[in-house]
Amino acid sequence: FGIFFIFSLFLLLSIKFEMKSVFIILLIAFLYVGLDELHQFFVPGRVADVMDFAVDSLGIFFSLIASGLLNKYKKEK
């Protein structure tokens, strides 16, 4: 959760916060989560798990929500 929260947060900070950019970040982050789970399938001692995918995805969504709220707060000031 935490790693993908930070990962998507840094992706958001690297570009201007717009609705179009949010979709691009979601695409990049979910692709990365999927590739990470696929990679774990081939590593001995690791297991690719749907719940792990879900938790990582929640980290991405919470990062987007936190960034949106922070952006809204900045505009109000």
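Where is the place of Val-55? Val-55 lies in helix H3.

## Basis of the model

This is a predicted model, in which local features need pLDDT of at least 70, side-chain atom pairs count only at pLDDT 80 or more, and totals for chains, interfaces and linings use all residues. Residues are numbered from 1 along each chain as its sequence is written, and side-chain values use heavy atoms, with hydrogens and water left out.

## Overall layout

The protein chain has three helices and zero strands, and its pattern along the sequence is α-α-α. Helices (H or I, at least four residues) and strands (E, at least two) are DSSP runs, numbered from the N terminus. Along its principal axes, the C-alpha trace spans about 50 × 20 × 15 Å.

Of the 77 residues, 25% count as buried. Buried means under 20% relative accessible area, exposed means over 50%, and partly exposed is in between (1.4 Å probe, protein chains only). Contact means heavy atoms within 4.5 Å. Among contacts between residues at least 6 apart in sequence, 61% join residues at least 24 apart.

## Nonpolar core

A nonpolar core is a set of buried Ala, Val, Leu, Ile, Met, Phe, Trp, Tyr and Cys residues joined through side-chain atoms within 4.5 Å. The largest one here has ten residues: Phe-4, Leu-11, Leu-12, Val-22, Ile-25, Leu-26, Ala-29, Val-33, Ile-60 and Leu-64. Helix H1 (2-14), helix H2 (19-42) and helix H3 (50-76) each give two or more residues to this core. H2 supplies the largest share, five residues.

Ile-25, one of the core residues, touches Ser-8, Leu-11, Leu-12, Ile-15 and Leu-64, not counting residues up to four places away in sequence.

## Helix H2

The 24 residues of H2 should span 34 Å at 1.5 Å a residue, and the end C-alpha atoms are 36 Å apart, which agrees. The expected span of a helix is 1.5 Å times one less than its number of residues. The buried residues of H2 are Ser-21, Val-22, Ile-25, Leu-26, Ala-29, Val-33, Glu-37 and Gln-40; their cover includes H1 and H3.

Phe-41 is also found in H2, but Phe-41 counts as exposed because its relative accessibility is 57%. Between Phe-41 and Met-51 there are 14 Å in space, C-alpha to C-alpha, and the two are ten residues apart in sequence.

## Helix H3

H3 has 27 residues, and the distance from its first C-alpha to its last is 39 Å, close to the 39 Å expected at 1.5 Å a residue. Asp-56, Ser-57, Gly-59, Ile-60, Ser-63, Leu-64 and Ser-67 are buried in this helix. H1 and H2 are included in what covers the buried residues of H3.

Ser-63 counts as buried because its relative accessibility is 0%. Not counting residues up to four places away in sequence, Ser-63 touches Phe-5, Ser-8, Leu-9 and Leu-12. Val-55 is partly exposed, since its relative accessible area is 34%. Val-55 and Phe-1 are 54 residues apart in sequence, while their C-alpha atoms are 5.6 Å apart in space.

## Surface and charge

The protein chain exposes about 5,700 Å², and carbon and sulfur atoms supply 75% of this area. Accessible areas come from the Shrake-Rupley method with a 1.4 Å probe; for residues, only the protein chains shown count as cover.

There are 7 positive and 7 negative side chains, and the centres of the two sets lie 17 Å apart. Lys and Arg count as positive and Asp and Glu as negative, while His and the chain ends are not counted. The place of a charge is taken as NZ of Lys, CZ of Arg, CG of Asp or CD of Glu.
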